[in-house]
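Hi there,

Here is the structure I promised to pass on. Have a look first, and then read on for my notes.

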Amino acid sequence: MKKFMDENFLLETETAQDLFHNHAAKMPIIDYHCHLIPQMVAEDYHFKSITELWLGGDHYKWRAMRSNGIPEKYCTGDASDWEKFEKWAETVPYTFRNPLYHWTHLELKTAFGVNKLLSPDTAREIYDECNEKLKLPEFSARGLMRHYHVECVCTTDDPVDDLHWHKMTRESGFEIKMIPAWRPDAAMNIEKPAFAGYMKKLSAVSGVDVDSFKHMISALQKRHDFFAENGCRLSDHGVEEFYDDPYTDSQIETIFAKALRGQQLSVSEIRQYKHAFLKSCGEMDFEADWTQQYHYGAIRDNNAEMYNKLGPDTGFDSIGEFNTARAMSHFLNELNTEHKLTRTILYCLNPCANEVIATMLGNFQDGITPGKIQFGSGWWFNDQLDGMTKQINALSTLGLLSRFVGMLTDSRSFLSYPRHEYFRRLLCNILGNDVEKGLLPDNHEILSRMVEDISYNNARKYFKFY
């Protein structure tokens with residue numbers, strides 16, 4: 001019986017072990033999509049406890065705790081740090097076969113050198129040991145980034161952000177790049193009650209009186225330029241689906257004016273606006289030579305009000321998924337036809353769409369930029385062994401896995417970097433198994449280069465951060 005989480009965790013063959021230990025493991029981390037709090041990096045934050053570092057803001061752990069019958073007081077409430085940690089330790093043994101069990105112990109092992117299994121019996125010992133280590137300088141926010149061999153992180157930032165903490169970090173001489181990433185969802189989500197108020201904020205920071213759609217785009221262009229001046233090289237959009245609804249400029253101006261007045265918009269009007277908005281953003285990204293990312297398929301704000309506004313047909317049954325794929329194709333083709341389609345990464349939350357996206361990539365590759373259109377790594381609830389394996393298999397079958405830009409954390413935690421290790425181990429295992437089965441040649445030069453490229457080199461070339 002194999003020991004749990006030993007040095008060859010997830011590595012079932014000698015080929016896989018060689019690829020990981022001698023090639024993947026040594027590569028730096030480019031975390032091109034995360035939700036770190038920039039102020040923590042700028043100020044080199046020191047965490048007061050493992051609870052703050054580990055459970056603060058971690059919705060994955062909160063969901064598991066709630067599923068285990070843990071009251072909200074111990075998730076996001078006013079319980080003490082020890083009480084929250086104790087309740088998480090109580091939950092961990094119930095997470096067998098959930099990725100949280102692997103992540104939990106990989107993080108304890110790689111960050112703190114703790115090899116014990118977390119449970120109610122070991123909770124106090126592990127809590128005290130981790131808290132003692134957190135007092136050391138090397139366990140600060142920057143120290144943890146250095147520990148995990150991080151080279152660059154891209155945070156997720158609103159266009160109205162002044163990027164003060166990014167500037168402060170850059171000017172401090174910190175050797176790890178922290179780059180802003182443009183996330184204009186607040187300007188896209190015209191159906192939200194906060195939309196009109198957000199336009200006032202955009203007006204204030206841009207110096208443009210945002211009283212029309214045309215002026216809003218002008219204001220966003222100013223902010224886009226400001227982000228570019230501060231090192232930004234990629235955007236990100238969280239969309240429920242893609243939009244290709246026909247519109248005219250006058251229709252969009254009418255819809256925008258209604259939203260500023262707080263009037264109810266129809267589903268059709270919302271879709272028309274989002275189509276026009278995303279197209280304008282895509283054009284900006286192309287002109288700036290940025291990479292654009294689309295995270296689609298998440299049903300957010302799950303409450304009756306949003307459901308009633310958008311309706312039950314949100315595109316997540318088989319027919320809806322087909323419609324979303326068709327809209328995605330139309331949207332990308334619209335930009336491509338105008339020669340304004342920049343490097344693009346597509347992430348989906350529905351694994352049933354893996355083959356659709358992997359096929360879609362080939363429609364818009366330009367024959368110039370290797371892997372110009374990318375199928376993003378397993379995202380959110382697909383960020384686990386099964387989900388990542390399915391994504392890798394779909395991309396391998398229908399595209400070029402060798403050109404893949406690899407993993408990201410999509411996390412606000414400074415302990416999430418082992419997700420890169422997890423992915424790299426899985427990747428090496430898949431390739432190693434193929435070699436052992438005779439499905440791939442035992443060509444060490446090609447395989448090692450492929451692993452190093454997916455782990456690091458492809459991302460370094462693709463995003464143009466350097």
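In which helix is Ser-206 found? Ser-206 is in helix α11, residues 195-206; helices here (H or I, at least four residues) and strands (E, at least two) are DSSP runs, numbered from the N terminus.

Before I go on, two remarks on how to read all this. This is a predicted model, in which local features need pLDDT of at least 70 and side-chain atom pairs count only at pLDDT 80 or more, while totals for chains, interfaces and linings use all residues. Residues are numbered from 1 along each chain as its sequence is written, and side-chain values use heavy atoms, with hydrogens and water left out.

**Overall**

The protein has 20 helices and 7 strands. Its C-alpha trace spans about 65 × 55 × 45 Å along the principal axes. The radius of gyration is 23 Å, which agrees with the value near 23 Å that a compact globule of 466 residues would have; this radius is taken over C-alpha atoms, and the globule rule is 2.2 Å times the number of residues to the power 0.38. Of the 466 residues, 56% count as buried (buried means under 20% relative accessible area, exposed over 50%, and partly exposed in between, with a 1.4 Å probe and protein chains only). As for contacts (heavy atoms within 4.5 Å), residues 24 or more positions apart account for 78% of those with a separation of 6 or more.

**Back to Ser-206**

Ser-206 is buried, with a relative accessible area of 9%. Its side chain makes two polar contacts that I noted, a term for a pair of N or O atoms within 3.5 Å; within protein, one must be able to donate a hydrogen and the other to accept it, and residues adjacent in sequence count only if both atoms are side-chain atoms. A polar atom of the Ser-206 side chain lies 2.7 Å from the backbone oxygen of Leu-202, and the side chain also reaches the backbone nitrogen of Val-208 at 3.2 Å. Leaving aside neighbours within four places in sequence, Ser-206 is in contact with Ala-219, Lys-222 and Arg-223.

Strands pair if DSSP finds at least two bridges between them. β5 (residues 291-296) runs parallel to β6 and is joined to it by 6 bridges, with Tyr-296 opposite Cys-348. β7 (residues 373-375) also pairs with β6 in the parallel sense, over 3 bridges, and here Leu-346 stands opposite Phe-375. Together with helix α17 (residues 354-363), β6 and β7 make a right-handed β-α-β unit; right-handed means that, with the strands pointing away from the viewer, the path from the first strand over the helix to the second runs clockwise.

**The β1-β2-β3 sheet**

Another open sheet to look at has 3 strands in the order β1-β2-β3, with parallel pairing. β1 (29-31) and β3 (177-179) stand at the edges, each with a single partner strand, so one side of each is left without a neighbour in the sheet. β1 pairs with β2 (residues 150-154) over 3 bridges, and the bridge partner of Ile-29 in β2 is Val-150.

Arg-425 is in helix α19, residues 418-436, and counts as buried at 6% relative accessibility. Its side chain reaches the backbone oxygen of Phe-9 at 2.9 Å. Not counting residues up to four places away in sequence, Arg-425 touches residues including Asp-6, Leu-10 and Phe-20.

Leu-10 lies in the segment before α1 (14-24) and is buried at 19% relative accessibility. Most residues other than glycine have a negative phi. Leu-10 has a positive phi of about 70°.

**His-339**

Is His-339 buried or exposed? His-339 is exposed, with a relative accessible area of 64%. This residue sits in the loop between α16 (318-337) and β6, and its phi is positive too, near 60°.

Best wishes
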